[in-house]
Amino acid sequence: MKSMASLVFRGGVHPEYRKELTASLAVVSMPAPAQVVIPLQQHIGAPCEPLVQVGDQVKLGQKIGDSKGFVSAPVHASVSGKVAAIGPYNHPLGRPVQSITIESDGLDTWDQSIKPAGELHELSRDEIRKLVREAGIVGMGGATFPAHVKLAPPPEKPIDTVIINGAECEPYLTADHRLMLEKPGEIIYGLKIMMKALGASRGIIGIENNKPDALRVMRQAVESEPEISVAALHTKYPQGAEKMLIQVTTRRKVPSGGLPMDVGVVNHNVGSAVAMTRALREGKPLIERVVSVTGEGVVRPANLAIRVGTLVSGVLEFCGGLRGNTRKLIIGGPMMGLAQTTADLPVIKGTSGILALTDEDVDLAESSDCIKCAKCVGSCPVYLVPTFIAQAAEHKLFERAEKLHAADCIECGCCTYVCPARIPLTQWIRIAKFEVLERRKQK
Ligand code: SF4
Ligand code: SF4
């Protein structure tokens, strides 16, 4: 396929990527911890209800939480052992979430429900969707949208293209990069599962051109797959954002307020593709994921395959702990990740990175008044006027924020990154977006 390197989106930024800390480190399996904490909400949508009680014995891979909501994803035990507690526990979103704590028996005894689902050509579209749902697969780039929902668009929105997001445009993170180098076959198979479920005739794997080794490996892997191509993307943040990725790989533009399915496209992350392959071939639910543990504050940075529910404190200990000058702990990347006040919280399905930044990396300067430089406007990849929306949010003028299309914000953080006055624009716009969406729901 012709290189897409010349196709770029408007706006965006070029942050320091600092991926060299972990890019060359192969994925290592972290031993299962003695205890896991499984939140009942690890996805966008309805939270799960527990299917077990304190004192119950559970097996590895057993479904322990589920919901009747369509937009939801069940959760599973990531160790075998005994349910020690059910109650609120710290969560990367910043507030305690109802969670199931399991004490491991150290045996890793698989649940009897875990068995291969069969060959892809034997499964119907509905069977694939059910399989993906039952495996609890969500968007693993951080969005955590239940994957089965994206595989079931309404009939009036036919899908012809599935895009696998291998851009990994966030600085520091290398989990997807390593998956592309180490598991190309599982990614391709996962893409084929999605294409079959959606009846799509074309698959595209988008990779930023700062990962030439991943481009080479994935191109080799699709040589005998005429319906799948690999697109080399310009390196620019947020290239991996859904709308940007669709624009540069298909030249289709998702309308304001619209979804990728409006232009015949569904996007999934590299990790979600691997999870679908394992669900089909091995019957395994999503109980483990690859996480980049990185940043200058981590003594031994690594790419780790970690059981969901492992505490971040335990992961950091496994990596030699934090350096004394660590200033900020972030779950995710530095642009879109969430800063934490504690490491006593679990790795969840959407945890792509654990990032420790030091004094040298954290800007502690106070914000000042807007100097009307318009840099935030020039950086916004979805054509918003961040300074106006932030001002509207600050004054609680949410109708004005709606008119300024606050709901279209993809929370990429570019505006905050470029603002010379260091105004926390993204934070304000996130508040505006939340209010606008809540009001729409009430109407
Ligand atoms: S307004 Fe939203 S989409 Fe635009 S740059 Fe800021 S965070 Fe990104
Ligand atoms: S970048 Fe900052 S200072 Fe410049 S216009 Fe936007 S909010 Fe104001």
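1. An open sheet is built from 3 strands in the order E3-E5-E6, and its pairing is antiparallel. The model described here is a predicted one. Strand E3 (49-50) and strand E6 (75-76) lie at the edges of this sheet; each has a single partner strand, so one side of each is left without a neighbour in the sheet. E3 is joined to strand E5 (residues 63-66) by 2 bridges, and the two run antiparallel. Within this pair, Glu49 stands opposite Asp66 in E5.

2. Regarding the chain as a whole, the protein has 13 helices and 17 strands. Its radius of gyration is 21 Å, close to the 22 Å that the globule rule gives for 443 residues, so the chain is as compact as a globular protein of that length. Taken along the principal axes, the box filled by the C-alpha atoms is roughly 60 × 50 × 50 Å.

3. Two further values describe the interior of the chain. Of its 443 residues, 51% count as buried. Among contacts with a separation of 6 or more, 74% are between residues 24 or more positions apart.

4. A second open sheet has 6 strands in the order E1-E14-E13-E17-E15-E16, with mixed pairing. Here strand E1 (28-29) and strand E16 (338-340) stand at the edges, and because each has a single partner strand, one side of each is left without a neighbour in the sheet. Strand E14 (residues 302-307) runs parallel to E1, and 2 bridges join them. One residue of this pairing is Ser29, which stands opposite Ala305 in E14.

5. Helix H3 (residues 175-182) packs on this 6-stranded sheet. The strands touched by H3 are E13 (288-294), E14 and E17 (353-358). The direction of H3 makes about 125° with that of E13. Since 6 of the 8 residues of H3 are buried, the helix is largely enclosed by the rest of the structure. The buried residues are Ala175, Asp176, His177, Arg178, Leu179 and Met180.

6. Strand E2 (residues 35-39) is also mostly covered, with 4 of its 5 residues buried. Its pairing with strand E8 (residues 97-104) is antiparallel and comprises 5 bridges. In this pair, Glu103 of E8 is the bridge partner of Gln35.

7. The shell around ligand 1 consists of 15 residues, of which Cys380, Cys409, Cys412, Cys414 and Cys415 are the closest. Helix H12 (414-418) and helix H13 (425-442) are the elements that give two or more residues to this shell. H13 gives the most, with 3 residues. By class, the shell holds 11 nonpolar, 3 polar and 1 charged residues.

8. Ligand 2 is surrounded by 14 residues, and the closest are Cys370, Cys373, Cys376, Thr387 and Cys419. The shell of ligand 2 comprises 11 nonpolar, 1 polar and 2 charged residues. In reading these class counts for the two shells, it should be kept in mind that Cys counts as nonpolar.

Definitions and conventions:
Residues numbered from 1 in each chain as written. Chains lettered and ligands numbered in written order. Predicted model: local features only at pLDDT ≥ 70, side-chain atom pairs only at ≥ 80, totals over all residues. Near = placed C-beta within 6 Å. Pairing = 2+ DSSP bridges. Contact = placed C-beta atoms within 7 Å. Axes fitted to C-alpha atoms, helices over the stretch in contact; angles between N-to-C directions. Rg over C-alpha atoms; globule rule 2.2 N^0.38 Å. Buried ≥ 20, exposed ≤ 12 C-beta atoms within 10 Å, placed from the backbone.
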